[in-house]
Amino acid sequence: MSKYRFVGKGVERIDGREKVSGAAIYTDDLEFGPDLLYAEIVESSEAHAKIVSIDVTEAEKVEGVVQIFTGKDFPYKFGLYMKDRYIFAQDIVRFIGEQVAAVVARDPKAAKKAAELIKIEYELLTPVFSQMDAISENPVLLHPDLGEYPHVPWFFPKENTNIAHWRKTKRGDLDGGFKDADLILEETFEVPRYAHCAIETHVVISKYDYSGRLTVWASSQSPYTQRHLFAEALAPLGIKHKDVRVIAPHVGGGFGGKAGVTMEILAAALATKMKGHPVKIRWSREQEFYNTYQRLGVVAKLKLGLKKDGSITALQHQLYWDAGAYVEYGANVVNAVGLSATGPYKIPAISIDSLCIYTNLPPGGAYRGFGYSEFLFGLESLMDQAAEKLGIDAVEFRLKNAISKGDTLAYGAHMNPNGLKQAITEVAKEIEWGKEVVSIDPEKVLCKGFSLLWKAPAMPPNASSSAFIKFNEDGSLNILVSGMDIGQGYLTVMAQIAAEILSVPPNKIRVENPDTDRNPYEWQTVASHVTWSCGNAVKKAAIHIREQIFDLMERAFKVSKDNFYLEDDGVKSHLDPSFYLAFKDFVVFGIPMDDGSFRGGPITGVGTFLPEFSSAKSDPETGQGGHPNVHYTVGAAAVLLEVDKKSGQIKVLKAVEAIDAGQAINPDLVKGQITGGLLQGLATVLYEDMRFNDKGRLLNPNFTDYKIPTTKDIPEEIVPIIIEVPQPDGPFGARGVGEQTMIPVAPMIANALYNGLGIRIKSMPITAEKVAMAILEKEKN
Amino acid sequence: MNKITFIINGEKRSIYVEPNDVLLDVLRDKLGLKSPKCGCERGDCGACSVLLNGKSVRSCLVFAIEVDGCEIETVEGISQNGLSVVQEAFIEMNSFQCGFCAPGVVIATTELLRKNSTPTKEEIKEALAGNLCRCTGYTPILEAVEKISHHNKHNSDNTGGTNE
Ligand code: FES
Ligand code: FES
């Protein structure tokens, strides 16, 4: 039994009815009337080139074209963590698809037609497509001005190289650790790029009115961060934060792809030149693939030292990231991994080098998991290899080395309370670890694989949240916050948190998508941190309301406020069981007194949250000294696979995942994250395969050629397990789970294949073809 | 411009369209029906699905001019006299996350249940295989439809009659 009334209950989503009835409004659904203009973006056809000339003569003749713009019209830089990007390319293009010019027209067809008529002459420069080439001796420099780019203080760019950031985390005696080891393993793993594939593409409409007010309607995870970056980038035009307003309707999927600022800045900038007219840009599915962010690719080199008894003595982890042409957001993925690439293990000697490397491929950025899926593939594969070499069961090995509360983390701070060992044990039990499984079909092999998971929110130490709550006349509530419900159920969870404190059921609470003019500040909806961070703000705002109600009771009834409590949509008294004052009777109109006057008035609450213990300040050579991560969410997962030995086809018969949510505010929504995250993870392993040609052009920017799973590709059985070891500073003990659900999938599949077939696959994706080839190879030897 | 006449969500409408106007754009921009969504414009995602003479079609692949004389139903039409049993089941089961795929899934499920009120799990998967959902892993969507199927089966076993 939950100790709470509304927290811990699988209540119905408060946006469910809207979404299922077709009533939910997404950005593309907004109407702007007959004056709406459409922009079509002209994109670079070259991966690395100098722009010699842009000829718009033919394009201007197309009927319906209003105006054409090029980079020269917008000489402004922008970027979240490092300002390495211009709104439109200036002299140099650095990836195929980069925005070079824009046609603004009365209708989308005219804009498209004109865009095709713009002639751009390029002088080709040598492109660099592999991060390893980019750090070879005397490479082509993609950003010769790297040393001058403004960036956050915790980034360390290496001038005159292609290394935009190098995060080093060093702790303990590495040489000694390897010297003491009875077994040393060294391996290299590769993970390619991936695409988010939210079903809604990016859409933005922007209007700069005659009074100098810039309004942007965007499909966004980050309304406030966008407002901030627009105001920063457009400051030369005299635009101030108060002049910029971002309105974010429902978002049709984010997964990190709609975090920060990508194409939204194009509409914001174009609007400033088209005063009075709303300007709309909707990305096509192709553009969504190559000109938002992609997940970064990585080459990971690991060296692991172990004692015979299975204890780990040392880990060296070098990660070389293909971060793409611009890394204003992606460099922080690299940073996050540089702090956490130990995985959830106790390791006395650690050396992590995480290098953010420029290439002439599309910009890398946030993607659900923020680098953790990528490094866990290598690390968790290697842990299995180590256990096997030492003759220790893979689950036993993990139980022995799993990190516990209070253990020292790679950067020197201490691990938060967690249920990792419980997760391992429960997953092992559910998948019947150790029990042999044999297929009755001789052509097929059944096998199991295991993996741990952990992830911390990656955010600046001053990322904060705030909330307003107001009562309505009938005692219902409006909560105003600026996080985004990108599907995870954030709006519902905020309602449940306020409900718990105020004893108003969630179905009497409305939480809407934000408008930065009306709703208070939220950094952005990323890092699986809004339940924790904004949840704390909402909880504080609700407590603020509760305190005001008790104060009012004391004033109106002359009884000490300590005697009152909230229950059943109203106020009750410990002193007098018959006392009950319904919220609807006073929260707006006040409490009537005998003399005809009233006490009170509209009751509103405010709450803010900033993790004041967090700090990104540390020694650049060792990463020691700060407290960059607020906490880690941990868990474990396992699969049972059926593999066809001839075709290499993999069928997932069962997937089990246990995750420590601290306190699941809504267990039904946590389970939704597990079923959704697992399938997104499986997709990156089994289906999705991004193909670039030797010119750097993405060859499969559509769902016909870049396969994401359908109903027919789901595991036969999924068992979600929720562990609840409370997070001391979380609302009711909650911590985030959204990204974590997808990150153990690749290694657990790779480990299962090894366990069943003796093949060790070290690069993703793990397609049927790759498996079949590996089986053949093994039979040959 | 060509004049076309059709029944949309029970109402007879006549409008003018260009021969190359796509049905999805016409529904959204000329008729203000926003439930069909654009996810790919090439028939891959199913977000734009509508019922055309009772059969689900991807409206991004249909020219508006082709629907002259036809009957079209969108999720607005399905919802207008109260939500259907399947919509209520989706709400109860928290089937959707971002909800962008929901209109297409409601269309595909409505078509399925009108033809077959007691589909098996495999039949449900087959019927929804053309609707991409990136958020849910499909499980909570399939569970809601299965629940209706069980319910219908149970009812028909008892009463001999079925309906959607
Ligand atoms: S938009 Fe029609 S199938 Fe995707
Ligand atoms: S709920 Fe987001 S695409 Fe289906």
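Ala, Val, Leu, Ile, Met, Phe, Trp, Tyr, Cys and Pro count here as nonpolar, Asp, Glu, Lys and Arg as charged, and the others, Gly among them, as polar. The model is predicted, with local features needing pLDDT of at least 70, side-chain atom pairs pLDDT 80 or more, and totals for chains, interfaces and linings using all residues. Residues are numbered from 1 along each chain as its sequence is written, chains are lettered from A, and side-chain values use heavy atoms without hydrogens or water.

The structure holds 9 cavities of 30 Å³ or more; a cavity is a set of points on a 1 Å grid over the protein atoms alone where a 1.4 Å probe fits but cannot get out, and its lining residues have an atom within 4 Å of a point. Volume is the space filled by probe spheres set on the points, which are joined across faces, edges and corners.

The largest cavity comes to about 540 Å³. Its lining counts 37 residues, with Gln488(A), Ser528(A), Gln673(A), Gly738(A) and Glu739(A) nearest the centre. Two or more lining residues come from each of α13 (490-502), α14 (530-557) and α15 (667-686) of chain A, helices being DSSP runs of H or I, at least four residues, numbered from the N terminus. The top contributor is α15(A), with 3 residues. By type, the lining splits into 18 nonpolar, 16 polar and 3 charged residues.

Among the residues lining the second largest cavity are Trp154(A), Asn332(A), Met459(A) and Pro628(A). That lining has 9 nonpolar and 3 polar residues, and no charged ones.

Definitions and conventions: 1 Å grid on protein atoms, 1.4 Å probe; cavity = no way out; pocket = protein on both sides within 12 Å on 5 of 7 lines; lining within 4 Å.
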